[in-house]
Amino acid sequence: MLLLVQYTILFACILMLVALGGCFAEHSGVINLGLEGIMVMGAMGGALMMSFMPDGTSALMIILLTVLAAIICGMLYSVLLAVAAIHFKADQTIIGTAMNMLGTAAATVIVKSINTINDPDNHSSIVQYIDEKKAFIVNIGGFEFSWFIVIALVALVASYVVLYKTRFGLRLMACGEHPQAADSVGINVYKMRWAGVLISGLLGGLGGIMYVTTGVSEWKFEYGVAGFGFLALAVMIFGKWKPQNIALAALLFGFFRALSNVYFGIDFLAALHIPSTVYNMLPYIVSLIVLAFTSKHSAAPKAEGIPYDKGQR
Amino acid sequence: MKKILRNSVVQALLTSLICILLGMFVGYLVLLAIEPSGAGEAIMAVAKNFFGYSRPQIQMKHMGTTLVKTAPLIMCSLSVLFSYKVGLFNIGAAGQYVMGACASLYAAIVLGWSWIPCMILAAVVAAIWGAISGFLKAYFNVNEVISGIMLNWIGLYITNMILSGAKDPSSAYTYTLAAKGKAAILPSLGLEAVFSNNKYVGIAIPLAIIFAIVVWVVMEKTKFGYELRATGSNKNAAKYCGMAEKRNIIISLAISGALAGLAASFLYLTDIEQWQVTISSVPAMGFNGIAAAFLGGLSPIGTIFASFFIQHITDGGSHVDLSIYCSQISELIAAIIIYLCGFVGFLKIAMNTALDKADEKKGGKK
């Protein structure tokens, strides 16, 4: 049972981080369907950083450098979306889809090449970080506490404060609701949208590195992140684009995702003899049902997905 | 000359070519970054694919294999294209494809059906899968991209579960149709002999081309197609004109689903590949369909050529020197091409503005 709680919290934190990322992008007026690809890139940056860490690096350094690498990779990758969506008025759905495919393909190519250079016989896309990963974990009486949980909580509080209590956040949201009006009072819509997309890259990258360190100590990058970026979008919609609701929504989804990891350890669930694939499907099914009930009266930012054109009124 | 440049077909061709060249160029840069000495050779291997073989018979045989996989890709991109014309982004094509694979292989191996009923079942099952997305979109306003992705994963797990009953316990792959399900193997129509006895080449290839033409006719020449396109360009206007926009959304995604389902039966009923029940990622075919649809300028006929190109470089990826590079380089190129396709609208506007300006200058001189 403790394991279930632990994994629920871990997965909820990942979903929350990524969903908050989506939330920033959409509040600025850009739909970020490329979160999945951003997660993969962030995961790759962080994982490679960990695997290259020399032995004996202090835990604090490992945490700082890994998180930094993931953030930088996520943000750099999100530039692809920002350029296309903000300056070239590209279809954000196509761009997002391309970014998801590109993320997995690029990460696979990069990791494989690095593996092959280090060892000519190694053609796998696996990165291992068994020892380094321990830096993130503190064992408290059987409960594996991860520093990522702290990072996620800080991100949650920071998101709330930034969005609702700062001038920047309120301006950002104005750009997603009515960019023309925002522009007319002197807000630079393009800058705000850049900020929104870059922040989503930051949070998406963080979510990515957390995802590949949860419950495993190596990652095969050909697999990508199994639709997690889209689950996060479902969390964001269910959370009505509000950080506090997103946190609660993430807990629900995290619970169902955690079930597939630990159901065999829970006596009454194991006794039901439900095939494991059913548990694997659960988060996706739940998200479909939840979306069906919450999308009707959408609370989405009004101008999301519409390229901003200064000439239009 | 300028008249030619203003022609929308020429513009579509031109922009697609630019996307391809830029995509290949970025791929080349990546190869250069990995290992400069063999990069030129590797990108040529990707571009050449079966032309890399010296003997013409072997070239034909491998061209046959590329064509066998092009047929399902054409169907997948038709699936994406069809719903895109109705204003829906059918990323769920990948999942509908998976369900089609599930239905056709189950019918072929476990039920022992012959190929036509197998194909029909695949189309029906995949159509239902697509219609779920459409229903959720029409009545619950659920974004079809997100529901599509969810259904992709649900479909993958269901397929793995169901097809576990169609394989030998010691293997991860389903039985070959040659072993169990001979009746379901697609007829070759004598095409086998044309491609140096490549036994997988058959009816699927002409069928895919026929479907492309049918989709074009339905979209451009029928009232039904007109209604669908009207719903796509302005949902509210279509509704105002008395078109059933909810019904149209569901029907178009169901048809898209059927096309994707047929795609799967076109591949798996040739027996060229078996389903791996331990697979943990959705097959790339459906996603490549998105690439082919946009690269083909969203025209059913353009799709045929774009699909061949995408499949050509995908197969070409396996010809690079695998001791230095990896075959995923072609996936990377395909992804970059889709990314660039996002800029096509901008390119066309820029092209037209440049032409307008040139015209104005000329007019001023007169």
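**Exercise 1.** At what angle do helix α3 (residues 59-87) of chain A and helix α9 (residues 189-212) of chain A pack?

*Solution.* The model is a predicted one. In it, the two helices pack at an angle of about 140 degrees, and their axes are 7 Å apart. Angles over 145 degrees would count as roughly antiparallel; α3(A) is therefore oblique to α9(A). The crossing in which α3(A) passes α9(A) is right-handed. The residues of this contact comprise 16 nonpolar, six polar and one charged.

**Exercise 2.** Describe how helix α4 (residues 56-85) of chain B meets helix α13 (residues 285-295) of chain B.

*Solution.* Begin with the geometry: the two axes come within 7 Å and cross at roughly 70 degrees. Angles of 65 to 115 degrees count as roughly perpendicular, so α4(B) and α13(B) are roughly perpendicular to each other. α4(B) passes α13(B) in a right-handed crossing. Next, consider the residues: α4(B) contributes, among them, Leu73(B), Val80(B) and Tyr84(B), while those from α13(B) include Met285(B), Ile290(B) and Phe294(B). By class, the contact residues divide into eleven nonpolar, four polar and one charged.

**Exercise 3.** Characterise the interface of chain A and chain B.

*Solution.* First, the residues: chain A supplies 47 residues to the contact and chain B supplies 41 residues. Second, the area: the chains bury about 3,900 Å² between them, with 79% of it on carbon and sulfur atoms. In chain A, the residues that lose the most area to chain B are Ile94(A), Met101(A) and Leu288(A), together 15% of what that side buries.

Key. Residues are numbered from 1 along each chain as its sequence is written. Chains are lettered from A and ligands numbered from 1 in the order in which they are written. This is a predicted model: local features need pLDDT of at least 70, side-chain atom pairs count only at pLDDT 80 or more; totals for chains, interfaces and linings use all residues. Side-chain values use heavy atoms; hydrogens and water are left out. Axes are lines fitted to C-alpha atoms, for helices over the stretch in contact, and angles run from 0 to 180 degrees between N-to-C directions. Helices (H or I, at least four residues) and strands (E, at least two) are DSSP runs, numbered from the N terminus. Angles under 35 degrees count as roughly parallel, over 145 as roughly antiparallel, 65 to 115 as roughly perpendicular and the rest as oblique. A crossing is left-handed if the near helix is turned anticlockwise from the far one by less than a right angle, and right-handed if clockwise. Contact means heavy atoms within 4.5 Å. Ala, Val, Leu, Ile, Met, Phe, Trp, Tyr, Cys and Pro count as nonpolar, Asp, Glu, Lys and Arg as charged, and the others, Gly among them, as polar. Buried area is the accessible area (1.4 Å probe) that two parts lose on being put together, summed over both.
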